[in-house]
Amino acid sequence: MTAQPHIPWPDGKRFAFTIFDDTDHQTLENVPPVYDFLADLGLRTTKSVWPLNGSGQPAIGGLTAEHPDNLAWLKQLQARGFEIALHNATWETSRRADTLRGLDRFRELFGHEPVAFANHAGCREGLYWGDRRLSGWNRLGYNLLTLGRNRGRFQGHEQGSPLFWGDACRERITFVRNFVFRDINTLAACPSMPYHDPDRPYVRYWFAASEGPDVGSFNKTLSEANQDRLSAAGGACIMYTHLASGFYVDGKLNTRFSELLERLAGAGGWFVPVSELLEFLLRRNGHYEISATERKRLERRWLRDKLWIGGSS
Ligand SMILES: [Zn+2]
């Protein structure tokens, strides 16, 4: 599939923009003001959650939906039109039964299955994660780059592993996040998204995202020049970030972030949550199976971007 310039976005909008917010480090102090700001601008985005508490001390933690005040806030957010998505059952590795319990709890709390999901870095039940994200020579290159520490580490897709939950993912979740690129125009970097990968059958559809894990890198990707490029190309941007990472500090929104978002909000974009955007693309493109060649191209681009910017996504 080739790039699709000037997709006719709904309501005559010029481009599409949304955010997938990874829930790492979220508290009731550092993130809710960011959502108030996004809502005031007319943006509706996606907030991921952990439905359950873990049992030990998290390497990377944050509030879960078991915290009553946090749950109340998440439900308010959902009522305001934001999407609630899944970021594994909790912040630590879960065995199958716990992952299924997390999925059930999610449905109970938010009234539907999670439509979108992103693997949490520390959870070994991650699906097709670590070196399984790549194929052939690219996998070899990745293992060299990461000194082999992610070789076979993630097992959510491995039938027979106590961490297996691929069948539940395929049944209950529609979109899973994979490669993250430097380009603000996610759709230009990955024109076939959402796509199915026949070599990774437990995921119905994969989507890509644009890099900006904290406020500094987010602002860089959202620069004025990049915004203009996104709009001129009629593209789509799904930012993958952690809204707890520097967007609201000491009672104040990051100034550059608010400037950039105000500018973007006035530029005639289509601002809907991640799943709504992906469902629109899926309706338009139909079911798409990625070819091995196309996949290798994505893998190489991701590896190149990773070498350039580092980071864990
Ligand atoms: Zn995470």
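## Helix α9 and what it packs against

In this predicted model, the buried residues of helix α9 pack against β1, α7 (215-221), α8 (224-233), β9 (252-253) and β10 (269-270). Helix α9 covers residues 255-265, and its buried residues are F257, L260, L261 and L264. Viewed down the axis of α9, these buried residues fall within an arc of 95°, so they line one face of the helix. An α-helix has 3.6 residues a turn, so residues three or four places apart point the same way.

## Strand β7

Strand β7 runs over residues 236-241. Since 6 of its 6 residues are buried, β7 is largely enclosed by the rest of the structure.

Which strands pair with β7? One is β1 (residues 15-21), which is parallel to β7 and joined to it by 6 bridges. In this pairing, D21 stands opposite T241 of β7. Another is β6 (residues 205-211), also paired with β7 in the parallel sense, over 2 bridges. Here S210 stands opposite M239 of β7.

## I238 and the nonpolar core

The largest nonpolar core has 84 residues. Which of them touch the most other members? They are F207, A208 and I238.

Apart from neighbours within four places in sequence, I238 is in contact with T18, F20, T186, F207, A209, S210, V274 and L277. F207, one of these contacts, is also named with I238 among the core residues that touch the most other members.

## Strands β2 and β3

Strand β2 (residues 46-49) and strand β3 run parallel and are joined by 4 bridges. Together with helix α2 (residues 68-79), β2 and β3 make a right-handed β-α-β unit.

Strand β3 covers residues 83-86. E83 and A85 point one way from β3, while I84 and L86 point the other way, and all of them are buried.

## R304 in helix α11

R304 lies in helix α11, which spans residues 292-309. Why does R304 count as exposed? R304 has 12 other C-beta atoms within 10 Å, and a residue is exposed if that count is 12 or fewer.

R304 and F181 are 123 residues apart in sequence. In space, the distance between them is 9.2 Å, C-alpha to C-alpha.

## The chain as a whole

The secondary structure of the chain consists of 11 helices and 10 strands. The radius of gyration is 18 Å, close to the 20 Å that the globule rule gives for 313 residues, so the chain is as compact as a globular protein of that length. Taken along the principal axes, the C-alpha atoms fill a box of roughly 50 × 45 × 35 Å.

Of the 313 residues, 50% count as buried. Among contacts between residues at least 6 apart in sequence, 82% join residues at least 24 apart.

Key. Residues numbered from 1 in each chain as written. Predicted model: local features only at pLDDT ≥ 70, side-chain atom pairs only at ≥ 80, totals over all residues. Buried ≥ 20, exposed ≤ 12 C-beta atoms within 10 Å, placed from the backbone. Pairing = 2+ DSSP bridges. Right-handed = clockwise from strand over helix to strand, strands pointing away. Arc of directions from axis to C-beta. Contact = placed C-beta atoms within 7 Å. Core = buried A, V, L, I, M, F, W, Y, C linked by C-beta atoms within 7 Å. Rg over C-alpha atoms; globule rule 2.2 N^0.38 Å.
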